[in-house]
Amino acid sequence: MNKREFLCTSAGATLGVLLGDTVWARFADLPPSQLAREEDFWAAIRASYRLTPDYINLESGYYTIQATPVLEAFIEKVREINYQGSYYLRTTQVPDKAAARDTVAVLAGCAPNELCITRNTTESIDTVINGYDWKAGDEVVLSESDYPHMIAQFKLIARRYGIVNRMVVLPLDPKSDDEIVSLYARTITPRTRLLMISHMVNVTGQILPVRKIADMTHSRNVDVLIDGAHAFAHIDFRIPDLGGDYYAASLHKWLGCPLGTGILHVRRDKIAKLWPTFADWRMTDDADIMKLNHTGTHPVHTDLAIGSAIAFHETIGIQRKEARLRHLQTYWTSQVRGIPGVIMNTPSDAARTCAIANVGVKGVKATDLAQVLLDKYRIWTNAVDNDAAGIHGVRVTPNIFIMPGELDTLVKAIRQIARAA
C-alpha cells in the first residue's frame, strides 16, 4: 500500500466519527455512484458546514467555504502563531511549511521536490509565464475560454517581448476528444514554445482531454502548461498522469482550504530553465523548485491549515466527492436542458463535466439573469459574458453541502425566467 492509499484508508475510517457510526454503517459498503444519491449521507456531511440562510450558495467555484473542522483548525493556527510571534517564524516555519507541501504532494501524486505552495492559480501560472526567456516572434497557444487574468498576462508578455498569442475557440459541446485535440494541433506552428490548456474550463465546466493534448503537443516539442484551478480536489487524478510540464491550482476552491492557498507543480527537468520572479539570497540551485517560491513574510498559518483541509477531503474520499458533484450538476441540468429559450454552455456528456455548468436564457443578459436569481429567488451565482468564446450565462457551481431541494429552486427559477423572456 502506497502512502496516498494509506491516507485514504485511514481517512475513510474516520467517517464514522464525522457522521456517527449509525449513519456510516448504513452507507459504508455503497459504491460512489450509488452513494451520490443517498441524501441522508450528504445531509450528514452538510452538517459540517455553517451555511447562511440568506441565499443558496451556488458559487463555490470562486471560493469554497471551509468546513467547520477545517475552519477551527485554521483559527487555532492563527492563535498559535500570534502567540509564538517571530520565534516561530525564525525556528519552525520552514520545516512546517515543508511538511505541508509534502502532504499536498501525496494528494497530488507527485514528488515533493516538484511542488511548491503558492497563494493561488494566478500566481502559479504567472510564475511560469514570467519565468520564460521570451524572444520576439515566439508563439503561445491558448483558448478564448481560459481564465481572463491568464489571457491578460500573455497579452502583457506580448507587449513587453513581442510574442504572438494564438487563440482557439473551444466547442461548447464537443463530439469527441479528437475534435478538441485537432483544434489545438492546427494552431501550433514551428514558432510555438508554450501551450496552455484548462484542465476544467472555469466558465463552462468542460473537462478537456489534457493527456491527449499534452502528448500531441510534446510530439511537436512544445511545452504544456495546465490550469488546474477547478480540477484539483474536484475530480480524481494524479498530476504526473496528465503529461504536462507545469500544473497550477488553487486550494481554496474545491479542496476547501483558507483563502490564499495554491500550488505550482513543475516537472523536474523543467525547473532549471525558469527564471524566478523574486530573488532569494539562499537560492543557489537552479534545479531547486523553491527558487520559484520566495514569499517574504506572509500569513504562514494559511499554509499550515492545508493539512486539515486535506484530512477532511480524504475523510470523504475523492471518488465519493466527484460522484456527488457530478450528480448535483446533472440533477439540475438534465431538467432544464431542452427547455425553449434555455441555452446550455456546458457539454451534454456527463463524462466531460463535473460540478460546474453554465446556463443562459435567450434574450436575457447574463448580468441580469444573475441579478434576478439573487433578488427574486435568493440564489447566488456568477454572471459570465465572453463574446470571444461565445459564452453568455451564469456559472452554477454547487458544492457537497448543496442538496437537491435547493437545486429544485434553481430549476424552477430558470423555467419561470425562460417563460417570461
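Reader: Which helix gives the most to the lining of the largest pocket?
Author: This is a predicted model. Its largest pocket holds about 730 Å³ of space. The elements that give two or more residues to the lining are helix 7 (86-91), helix 8 (93-108) and strand 2 (115-118). The most, five residues, comes from helix 8.

Reader: Which residues lie nearest the centre of the largest pocket?
Author: The lining has 23 residues. They divide into seven nonpolar, nine polar and seven charged. Nearest the centre lie Gln-93, Val-94, Asp-280, Arg-282 and Thr-295.

Reader: Is Val-140 buried or exposed?
Author: Val-140 sits in strand 3 (residues 139-143). Beyond its neighbours within four places in sequence, Val-140 contacts Trp-134, Phe-154, Ile-163, Val-164, Asn-165, Arg-166 and Leu-194. Buried means under 20% relative accessible area. Val-140 has a relative accessible area of 0%, so it is buried.

Reader: How many Å apart in space are Val-140 and Arg-193?
Author: In sequence, 53 residues separate Val-140 and Arg-193. In space, C-alpha to C-alpha, the two are apart by 6.1 Å.

Reader: Which side chain makes a polar contact with the side chain of Thr-64?
Author: Thr-64 lies in the loop between strand 1 (56-57) and helix 6 (68-84). Its relative accessibility is 2%, so Thr-64 counts as buried. Leaving aside neighbours within four places in sequence, its contacts include His-252, Trp-254 and Asn-399. The polar contact, at 3.2 Å, is with the side chain of Asn-399.

Reader: How many Å apart are the end C-alpha atoms of helix 15?
Author: Helix 15 (residues 318-336) has 19 residues.

Reader: Which residue just after helix 15 takes a positive phi?
Author: The phi in question is about 100°. It belongs to a glycine, Gly-338.

Reader: Is Asn-221 buried or exposed?
Author: Most residues other than glycine have a negative phi. Asn-221 is not a glycine, yet its phi is positive, about 60°. Asn-221 is in the loop between helix 12 (210-218) and strand 6 (223-227). Its relative accessibility is 74%, so Asn-221 counts as exposed.

Reader: Is Ala-233 buried or exposed?
Author: Ala-233 lies in the loop between strand 6 and strand 7 (246-250). Ala-233 has a positive phi of about 70°, although it is not a glycine. At 6% relative accessibility, Ala-233 counts as buried.

Conventions
Residues are numbered from 1 along each chain as its sequence is written. This is a predicted model: local features need pLDDT of at least 70, side-chain atom pairs count only at pLDDT 80 or more; totals for chains, interfaces and linings use all residues. Side-chain values use heavy atoms; hydrogens and water are left out. Helices (H or I, at least four residues) and strands (E, at least two) are DSSP runs, numbered from the N terminus. Buried means under 20% relative accessible area, exposed over 50%, partly exposed in between (1.4 Å probe, protein chains only). Contact means heavy atoms within 4.5 Å. The expected span of a helix is 1.5 Å times one less than its number of residues. A polar contact is a pair of N or O atoms within 3.5 Å; within protein, one must be able to donate a hydrogen and the other to accept it, and residues adjacent in sequence count only if both atoms are side-chain atoms. On a 1 Å grid over the protein atoms alone, a cavity is a set of points where a 1.4 Å probe fits but cannot get out, and a pocket is an open set with protein on both sides within 12 Å along at least five of seven lines; lining residues have an atom within 4 Å of a point. Grid points are joined across faces, edges and corners, and a volume is the space filled by probe spheres set on the points. Ala, Val, Leu, Ile, Met, Phe, Trp, Tyr, Cys and Pro count as nonpolar, Asp, Glu, Lys and Arg as charged, and the others, Gly among them, as polar.
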